[in-house]
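Subject: Structure for your review

Dear colleague,

Please read the notes with the structure open beside them.

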Amino acid sequence: MAIVKFVTSGSPMNNIFPYIMKEEKTEQKLISGINCMPETAMEEFISVKKQFNKTDGRQYYHVVQSFSPDDNITPETAHEIGLKFAEYFGNYQMVLATHTDRNHIHNHIVFNSVNFQNGRKFHQTRDEMIQAKEYSNKICQEYGLTLTEAKATRYNMPKWKRKLLIKVEYAMKHSSSKAEFILILEQLGVTVNWQDNHKYITFTKDDDHKCRDNKLFDERFLKENLEIYFELGGSYSVIAEEYQEYETPQTGIISDDLFNLIGNLLDLEIQKNTKCKWMPHHSKKEIERLIAQGLKITNEDYDEEYNEYHGMTW
């Protein structure tokens, strides 16, 4: 997937081009000029502004198109996608540079604020920004990359994520181990990337939508809590044997009541650590409840880069 971000920094034009074309960040073959030459882009931008007597106001626009590290994409392919995405903005002079200096590949597109054909200044509403994101998504889909959507919350999820949430809950209720959990989800069309050295579990639905555990907005499905759940035996735990009345007849599968009971035990297990990571989807009441239980709340930056990948940023 690729996230489109319109950067609103006011860097002077003579600074932006050296930055996006830095040797430490890119290489010559990953720098392209559209309707201009990268080496003389600033002079060419200014020439068009003077031609149409529009030298004041915003001098350029800066767009960043970032690709998920979960997608297997080469810098050359990212650059090719960037060139196709740049076509969306029409007849403007642009410089595209693909950066490879971070753990995710990303394109920088800098374009003149004045159209070189008709002299019109570039303006874009929020709805038009969303359309730009959708255009980027369409290109990514053509290249077999995963898609993303506008920022979601626990109360405002896209349809595909709500369906994923239901499947993850079903798998949790019907599995007694990590292996069973992964197998059930695979049978439901969801691929699970659960690795010991990764902070998050990544769920991939229908080969085109990816979601990390913390973006399901349900703490039961966080990696650390699922690990505790399966350590307790999952749906076929010792607790289930002690509370036979909660079991579904002839199946041994955990019922809703027992499922909630195990959830309460998870809370107790977390309390033993006397520390709870603060997550952005905690409400004020939830935080007050956690503090009342004696937990310490920390404002940990748990993965700033992933926030950049999830949904549209402005």
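The model is a predicted one, in which local features need pLDDT of at least 70 and side-chain atom pairs count only at pLDDT 80 or more, whereas totals for chains, interfaces and linings use all residues. Residues are numbered from 1 along each chain as its sequence is written, and side-chain values use heavy atoms, with hydrogens and water left out.

The chain as a whole

The protein chain has eleven helices and ten strands, where helices (H or I, at least four residues) and strands (E, at least two) are DSSP runs numbered from the N terminus. Of its 314 residues, 46% count as buried. The accessible surface of the protein chain comes to about 16300 Å², and 48% of that belongs to carbon and sulfur atoms; such areas come from the Shrake-Rupley method with a 1.4 Å probe, and for residues only the protein chains shown count as cover. Taking a contact to mean heavy atoms within 4.5 Å, 66% of the contacts in the protein chain between residues at least 6 apart in sequence join residues at least 24 apart.

Two asparagines with positive phi

Most residues other than glycine have a negative phi. Asn35, in the loop between strand 2 (31–34) and helix 2 (41–51), has a positive phi near 65°, and Asn35 is partly exposed, with a relative accessible area of 41%. Asn53, in the loop between helix 2 and strand 3 (60–67), likewise has a positive phi, near 55°. Is Asn53 buried or exposed? With a relative accessible area of 67%, Asn53 is exposed, because the cut-off for that word is over 50%.

Packed helix pairs

Two packed helices are described by the angle between their axes and the distance between the axes. The axes here are lines fitted to C-alpha atoms, for helices over the stretch in contact, and the angles run from 0 to 180 degrees between N-to-C directions.

Helix 1 (residues 13–20) and helix 2 pack at an angle of about 145°, with their axes 10 Å apart. Their crossing is right-handed, a word used if the near helix is turned clockwise from the far one by less than a right angle, and left-handed if anticlockwise. In this pair, Met13, Asn14 and Phe17 of helix 1 meet Ala41, Met42, Phe45, Ile46 and Lys49 of helix 2. By class, the residues of this contact divide into six nonpolar, one polar and one charged, where Ala, Val, Leu, Ile, Met, Phe, Trp, Tyr, Cys and Pro count as nonpolar, Asp, Glu, Lys and Arg as charged, and the others, Gly among them, as polar.

Helix 3 (residues 75–86) and helix 4 (residues 126–142) have axes that come within 10 Å and cross at roughly 140°. Helix 3 and helix 4 are therefore oblique to each other, since angles under 35 degrees count as roughly parallel, over 145 as roughly antiparallel, 65 to 115 as roughly perpendicular and the rest as oblique. The crossing of helix 3 with helix 4 is right-handed. On one side the contact is made by Ile81, Lys84 and Phe85 of helix 3, and on the other by Ala132, Tyr135, Ser136 and Ile139 of helix 4; by class these are five nonpolar, one polar and one charged residues.

For helix 5 (residues 159–173) and helix 6 (residues 178–187), the axes come within 9 Å and cross at roughly 140°, which makes helix 5 oblique to helix 6. This crossing, too, is right-handed. Lys167, Val168, Tyr170, Ala171 and Met172 in helix 5 meet Phe181, Ile184 and Leu185 in helix 6, and the contact has seven nonpolar, no polar and one charged residues.

Two further residues

Phe230, in helix 7 (residues 223–231), is buried, with a relative accessible area of 12%. Phe230 and Ser175 are 55 residues apart in sequence and 8.5 Å apart in space, C-alpha to C-alpha. Not counting residues up to four places away in sequence, Phe230 touches Ser175, Ser176, Ser177, Lys178, Phe181 and Trp194.

Asn193, in strand 6 (residues 190–193), is partly exposed, with a relative accessible area of 31%. Leaving aside residues up to four places away in sequence, Asn193 touches Tyr200, Ile201 and Thr202.

Notes. Buried < 20%, exposed > 50% of the residue type's maximum accessible area, 1.4 Å probe, protein only.
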